[in-house]
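Here are my notes on the model, point by point. Please read them with the structure open.

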Amino acid sequence: MPNQPEKLFQIGINPDVKFGKNFRVSNASNLYGCELGDDCFVGPFVEIQKGVKIGNNVRIQSHSFLCELVTIGDDCFIGHGVMFTNDTFSDLGRPAYTEREQWKPTNIGKRVTIGSNATILPVNICDDVIIGAGSVVTKNITEPGIYMGVPARYHKPLPPNYGK
Ligand SMILES: CC(C)(COP(=O)(O)OP(=O)(O)OC[C@H]1O[C@@H](n2cnc3c(N)ncnc32)[C@H](O)[C@@H]1OP(=O)(O)O)[C@@H](O)C(=O)NCCC(=O)NCCS
């Protein structure tokens, strides 16, 4: 039995990552080809893939995964273990693997707060939204408010001082 893998993929912060001022990141994260604005924080065990664009003042808590074709606006909070997706398996009935034309984008507006362990299918979420912990967001969200559940549905309005 060989004691070395056939190929060892290194993780880390690739030199091609573009980041703004006051960028704080854990060394146990895996970032490549992505772009982050000013005042962002990325916790440990986060992966951010190439082409992902993140605005200013965004906090990404540990264990989250941001795949290609994801865009995040300013002043967002991405909780622990939030999973973004770009391949729904819907059209092929299997993972698209490298057939990138099958992948779909996700756009998150400004001041979006996503609770821990939420899964975000490829959707658009407007500004000023809270997503409850463990939710699965399957459809676009076009009105501000609090959404939760599987699938995520409107729960109630935002607190009056949200985002202030
Ligand atoms: C979605 C959320 C904002 C709702 O808060 P809230 O309005 O104060 O909700 P309540 O605690 O009053 O619960 C209201 C009802 O929704 C249910 N509920 C609350 N959060 C839920 C969630 N994430 N998913 C499904 N149901 C949920 C409650 O069980 C309760 O049900 P009931 O009326 O049958 O008893 C909050 O529960 C949540 O999930 N926050 C995210 C926390 C998080 O992940 N933080 C990360 C940093 S540590």
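1. Contacts first. Two residues are in contact if their C-beta atoms, placed from the backbone, lie within 7 Å. By that rule, and leaving aside residues up to four places away in sequence, Pro151 touches Val136 and Thr138.

2. Basis of the values. This is a predicted model: local features need pLDDT of at least 70, side-chain atom pairs count only at pLDDT 80 or more, and totals for chains, interfaces and linings use all residues. Residues are numbered from 1 along each chain as its sequence is written.

3. Overall dimensions. Along the principal axes, the C-alpha atoms fill a box of roughly 60 × 45 × 30 Å.

4. Secondary structure. The protein has zero helices and 20 strands. Both are DSSP runs numbered from the N terminus: helices are H or I with at least four residues, strands are E with at least two.

5. The parallel sheet. Six strands form an open sheet in the order β1-β4-β7-β10-β13-β16, with parallel pairing. Its edge strands are β1 (18–19) and β16 (124–125), each pairing on one side only. Pairing here requires at least two DSSP bridges between two strands. β7 (residues 53–54) and β10 (residues 70–72) pair in parallel over two bridges. Lys53 stands opposite Thr71 in β10.

6. The mixed sheet. Eight strands form an open sheet in the order β2-β5-β8-β11-β14-β17-β19-β20, with mixed pairing. β2 (24–25) and β20 are at the edges with a single partner strand each, so one side of each has no neighbour in the sheet. Within it, β5 (residues 41–42) runs parallel to β8 (residues 59–60), joined by two bridges. Phe41 has Arg59 as its bridge partner in β8.

7. Pro151. Is this residue buried or exposed? Pro151 is exposed, because 11 other C-beta atoms lie within 10 Å. The cut-offs are 20 or more for buried, 12 or fewer for exposed, and partly exposed in between, with C-beta atoms placed from the backbone. Pro151 sits in the loop between β19 (145–148) and β20 (153–156). Its C-alpha is 6.7 Å from that of Ser135, 16 residues away in sequence.

8. Ligand shell. Residues surrounding the ligand include Gly79, Ser116, Ser135, Met148 and Lys156.

Key. Near = placed C-beta within 6 Å.
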